[in-house]
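Reader: I'm new to this structure and would like to learn about its pockets. Could you show it to me, please?

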Amino acid sequence: MAADESTKTISKRFEALGLTSTPELNQKYREMLFNTPGIENFISGVILYDESVRQGLNKILEAKGIVPGIKVDGGLEPFNDTEEQVTKGLEGLDIRLKEYASLGLKFTKWRGVFKITDKYPSDAFFEENLTRMAKFAKVSQENNMVPIVEPEVLLEGNHTTTRCSETLDETLTKLFEKLKVEEVDVSQIIVKTSMALPGPESGVKALPLEVANATLRALKRAVPPEVPGIVFLSGGQTPDQATDNLNEIVKLKTDAPWQLSFSFSRALQEEAMRLWAGKDENVSAAQQIFLARLEKVSKARKGEL
Ligand code: 13P
């Protein structure tokens, strides 16, 4: 599960419900999720944000046998004078990871975003953003923390499913070239990726079978078999879409060498967050809907929906 929304991101999610994000409210909300009875049956690890670790929320997870990890990129910054945004956070990374390891965090995450338009992603952007991602992975392994490399090909745009699949392929292929340059052990990483979807402005809706085919095509071309696991982000799909598409991908994967699973944030949290709406009296109902979604997504992860 991804619960590593930055202050900016959780503020945006709360604002949509008329709530104001504060460290206290963020803590309350995340404690509600993590204290949901039975989540350990469906979640093996949670990616946290620094604030939650300072609040000790990793302890709740550890007590349930869930492995805590941490988002360590520093978000996005402008790239030259383009509309592309590159991920920052390499400065001081080694020192931060040493502290996180001492706090019991076992894995790390670094997210880069890749926009699809007629001219993007550009070659110069691939070069810079993926080099940074590979360097992160190396520093993480040097600190005995498993890196999740997350090149997110963004949903937004008017592109076709095919174009998305090709961009996914190109992005991941180039990522593995960079990981090689940095001498990252790819048998000790997790890849977090988008699914291949048509842009919402294309007006096209792709069926799960088409999404699954297009996604697996890119993954099979680009991701070496030594990689143990690939997890999907939900990327703005509705909870049902993300769940149904995951189910179909797993059903179709047949001889694919890696484990396939989910690392959703929005698709796992959306229903629970809306139902909770910041009110203590809604906690129990919100936990129930959260657990029901987890159960469904866990079935999808086995292709059993
Ligand atoms: P979504 O599932 O909401 O895309 O979030 C996953 C994530 O970790 C984004 O970095």
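Predicted model: local features only at pLDDT ≥ 70, side-chain atom pairs only at ≥ 80, totals over all residues.

Reader: Which element gives the most to the lining of the largest pocket?

Author: The lining has 39 residues, with Ser 6, Thr 9, Lys 12, Arg 13 and Arg 111 nearest the pocket's centre. By class, 10 of the lining residues are nonpolar, 11 polar and 18 charged. With 5 residues, the element that gives the most is helix 10.

Reader: What is the volume of the second largest pocket?

Author: For the largest pocket, the space comes to about 1,100 Å³. The second largest pocket has 26 lining residues, and those nearest its centre are Ser 44, Gly 45, Ile 190, Val 231 and Ser 261. Its volume is about 590 Å³.

Reader: And which element gives the most to the lining of the second largest pocket?

Author: This lining divides into 15 nonpolar, 8 polar and 3 charged residues. Two or more residues come from each of strand 2 (45–48), strand 7, strand 9 (229–232), strand 10 (259–262) and helix 11 (283–301). The element that gives the most, with 4 residues, is strand 10.

Note on methods:
Residues numbered from 1 in each chain as written. Heavy atoms only, no water. 1 Å grid on protein atoms, 1.4 Å probe; cavity = no way out; pocket = protein on both sides within 12 Å on 5 of 7 lines; lining within 4 Å. Points joined across faces, edges and corners; volume = space filled by probe spheres on them. Nonpolar A, V, L, I, M, F, W, Y, C, P; charged D, E, K, R; others polar.
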